[in-house]
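Please read them with the structure open.

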Amino acid sequence: MTVSKEQMLDSLSLRCGKETAHKLVSARIAVCGLGGLGSNIATALCRAGVGNLHIIDFDKVDISNINRQQYSISQIGMYKTDAMAMNLYEISPFCHVRADTVRLDEINIPKFLSDDDIIIEALDDASAKALLVNTILEKFPFKKLIAASGMAGLGSANDIITRRVTSSLYICGDAKNEVSPSSPLYASRVMLCAAHQAHMALRIICGETQP
Amino acid sequence: MVIINGRETTTPQNSMSEYLSEQGYFFSRIAVEKNGEIVKKSQYDTVYFQDGDIVEIVSFVGGG
């Protein structure tokens with residue numbers, strides 16, 4: 001079955017009203033990292049009707065990702081950007097997806113992220129997270145940045161929260177539970193954190209600045 | 001007095017860099033905001049606390 005752009009838009013407007021639909025369709029969001037957090041964030045935002053998604057990752061889908069990331073067995077070996085672009089197209093063929101297969105660093109962050117209004121940090125390495133956050137706050141202090149820290153293990157789901165640190169920076173997670181051999185990542189808890197990040201982005205798009 | 005991560009505390013007399021080391025932070029895993037503005041890593045050695053400062057030290061752990 002195929003659907004037209006008008007049908008998709010009508011369905012979105014019917015669900016959340018024309019004004020909100022317009023805000024969602026014109027939103028520009030970057031998702032940095034397409035692992036357990038990013039693949040779930042991009043999926044949620046695409047389903048919600050966000051019109052412009054910029055997905056960034058350097059890695060390929062691996063068998064060890066399937067336990068929590070939004071990829072299928074048949075996508076193992078593909079670049080995550082290609083696999084996710086394919087998945088997003090299946091959800092909403094009219095979502096404009098820009099995919100960059102690149103490892104973000106201090107030098108290229110300003111170049112790759114200049115066009116996005118909301119930036120979501122969904123990396124896995126603690127130093128890479130800090131580097132992205134430091135660089136964005138320094139180069140683009142007025143962009144909204146939604147980062148994540150602490151979602152590993154089987155701790156309570158209720159410990160995952162969204163905190164507004166400053167006017168531009170939000171942090172989701174439990175702030176302490178690091179991934180380790182004794183505290184691996186579980187789909188449910190990573191998805192909770194991803195949902196917090198995606199939901200905060202939707203709230204910002206609709207004019208709500210508080211968590 | 002200053003407010004660091006929401007807690008009122010006596011104004012530290014040492015530099016940001018010395019304070020962060022003393023508190024056991026790993027420099028590569030943090031972001032520091034002072035009065036709503038990011039403190040660049042290159043400035044940690046030369047930035048000092050002043051009464052009334054509001055400081056947020058965000059520490060990242062791995063996983064995603």
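1. Helices (H or I, at least four residues) and strands (E, at least two) are DSSP runs, numbered from the N terminus.

2. On provenance: this is a predicted model, in which local features need pLDDT of at least 70 and side-chain atom pairs count only at pLDDT 80 or more, while totals for chains, interfaces and linings use all residues. Residues are numbered from 1 along each chain as its sequence is written, chains are lettered from A and ligands numbered from 1 in the order written, and side-chain values use heavy atoms, without hydrogens and water.

3. The C-alpha trace of chain B spans about 35 × 25 × 20 Å along its principal axes. Of the 64 residues in chain B, 47% are buried (under 20% relative accessible area; exposed is over 50%, partly exposed in between; 1.4 Å probe, protein chains only). Among contacts (heavy atoms within 4.5 Å) in chain B with a separation of 6 or more, 53% are between residues 24 or more positions apart.

4. Chain B carries 5 positive (Lys and Arg) and 9 negative (Asp and Glu) side chains; His and the chain ends are not counted. The centres of the two sets lie 9 Å apart, with each charge placed at NZ of Lys, CZ of Arg, CG of Asp or CD of Glu.

5. In chain A, A:S168 sits in the loop between β6 (161-164) and β7 (169-173). A:S168 is buried, at 9% relative accessibility. A polar atom of the A:S168 side chain lies 2.8 Å from the backbone oxygen of A:P141. Leaving aside neighbours within four places in sequence, A:S168 contacts A:P141, A:K143, A:K144 and A:L145.

6. A:D117 belongs to the loop between α5 (109-112) and β4 (118-121) of chain A and is partly exposed, at 43% relative accessible area. A:D117 and A:K143 are 26 residues apart in sequence, yet 5.7 Å apart C-alpha to C-alpha. Not counting residues up to four places away in sequence, A:D117 touches A:R28, A:K143 and A:K144.

7. Is A:T81 buried or exposed? With a relative accessible area of 0%, A:T81 is buried. A:T81 is part of helix α4 (residues 80-91) of chain A. Its contacts beyond four places in sequence include A:L34, A:D57 and A:T101.

Conventions:
Polar contact = N/O pair within 3.5 Å; in protein donor to acceptor, adjacent residues only side chain to side chain.
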